Every structure is written in structure tokens, then in C-alpha cells.
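Open the model in your viewer and keep the selection panel at hand. The stops below say what to select next and what is there.

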Amino acid sequence: MSAAKVTLSPKELELVNNADWILTKNHIIQKVNDLFSALANGYRQEYLQQEAFAKSPVFDIPPKISKGEQYQLLPYMMLDFPRCFTDTDVFAIRTFFWWGNHCSIHLLLKGKFLAQYGPSIDRYFQLYGKYGVETKDWHIGVGQDPWQHHFEKDNYAAIQDWNGYSVTMLPFLKLAKKIPLEEWDDIESFMLNHFKKMLTILTDY
């Protein structure tokens, strides 16, 4: 029995004969990598100015940039720093580029790190309230999988819509903000500002 004939639609046939869009895509990915390399350097400089973290062994682990093609079928790139991952304890800040969607920054705490820093996060949201300017546009993880980074309602909720009492009661904590790709020129400053803000939230409240 012969296999069914594999055909291409007119649009697919046009694309398969056009190398330019692939070359452009590769060029964009390289620019994202360059951006994340600059952010990694900026993040390292920022944490050194935070007395509470200047000698933290968590930050001794160097930044890591990773990329892939299949986050919900689309290319992505991510920068992890800090990046302490064990079966029971996690302290990470992940910067995430997702083709066709957005860039986002995610704080992930689990185990001993959530116990250590959770009360400070609670105090921050109690101090400024869920509807304040300081807390605007923050999202909190409500999904079961800590490695999902989309902002659909089964994964993230706007902080003002969250019904929890204390983040320390969660199996893990994720806090995140995102910026649309249309605002490309603002992404670097957005990430640096919110990286700094995440470190401040962990220790100053």
C-alpha cells in the first residue's frame, strides 16, 4: 500500500522556496541573544548593589541563556539568573522571549527560598494593596506546572484577582510581568527595572 501523497499548500510552497524569512528569523534570534547577554551583565551589576544578596551563594552560579523552537509550537529564548534548582528548593528569575507573543520576567521560589522570602512578598502586597500603582500589572502563578510561562488564566492571574491569603501557603510561587514585543526598544530597561524590583521586594518589606 502506497503512502498518502504529501502536498504543500500554495502558502507553504511559497515559503519553502523563500530562504529570506528563515535568515531574517535567525537574525532576530541572534539579536535576542545579544539583548539577553547585555541583560545578564546588567543583572549581575544590579545584584552586587543589593547588600542582602552581594555575598549570596545563589548568585555565584553564572547566568544561562537557552533557546528552543517549540514552546507552544513557537521559538523562545530564556535567561536564568539567579538559577538555583534542586528537587525541593528553587530560587530563579527567568527572562523569557516568546516569538509572536511577548517578553516576560518571572520570579520562581520554592521550598526553603519561599519560606525565607515569602513573608516579605506578603508584606509588599499588604503595604501597597492589590490595586495600587506599585502592584499594577503583576501576575501571580495559579497553575500546577512551574515551567509554564504563558499568561492565560489557567497559569497566571492578575494580582488583584488572586484570592490567596499568603504566598507562603503555595507549593511554589511565581510572580511575573510582561511587555509586548511592539515595545522592543523598551524591553531592556523594563527587564532591568523589574529585576531590581524583584530583589527589592524580597528583602525590603
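The model is a predicted one. Which side chain of opposite charge is nearest to E46? It is K196, 4.5 Å away. E46 is buried yet has no salt bridge, because a salt bridge needs a nitrogen-to-oxygen distance within 4 Å. Show the surroundings of E46 as well: leaving out residues up to four places away in sequence, E46 touches F195 and K196.

Next, colour the nonpolar core. The largest one has 45 residues. Those with the most contacts inside this core are F59, F91, L107, L109, I121 and M191.

In soluble globular proteins, nonpolar side chains tend to be buried together.

What is L109 in contact with, leaving aside its neighbours within four places in sequence? The list is V90, F91, L114, Y117, I121, F172, L173 and L202. Then move to a second, separate core of 5 residues, which includes Y71, Y76, M78 and F96.

Now display the aromatic rings. The model has 19 aromatic pairs. Select Y47 and F59: this pair is stacked, with 4.5 Å centre to centre and 20 degrees between the planes. Y47 is in helix α2, whereas F59 is in the loop between α2 and β1 (64-71), and the two are 12 residues apart. Are these residues buried or exposed? Y47 has a relative accessible area of 6% and is therefore buried; F59, at 1%, counts as buried too.

Go on to F91 and Y117. Their rings form a tilted pair, 5.5 Å centre to centre and with 55 degrees between the planes. F91 lies in strand β3 and Y117 in helix α3, so this pair ties together parts that are 26 residues apart in sequence. F91 is buried at 0% relative accessible area, and Y117 counts as buried at 8%.

For the last stop, select Y43, Y47, F53, F59, F81, F91, F113, Y117 and F195 together: ring pairs link these residues into a cluster. Both pairs visited above belong to this cluster, Y47 with F59 and F91 with Y117. The cluster also includes F195, which E46 touches.

Conventions:
Residues numbered from 1 in each chain as written. Predicted model: local features only at pLDDT ≥ 70, side-chain atom pairs only at ≥ 80, totals over all residues. Heavy atoms only, no water. Core = buried A, V, L, I, M, F, W, Y, C linked by side-chain atoms within 4.5 Å. Buried < 20%, exposed > 50% of the residue type's maximum accessible area, 1.4 Å probe, protein only. Contact = heavy atoms within 4.5 Å. Phe/Tyr/Trp six-rings, centres within 6.5 Å; stacked < 30°, edge-to-face > 60°. Helix = DSSP H or I, 4+ residues; strand = E, 2+ residues; numbered from the N terminus. Lys, Arg positive; Asp, Glu negative; His and termini not counted.
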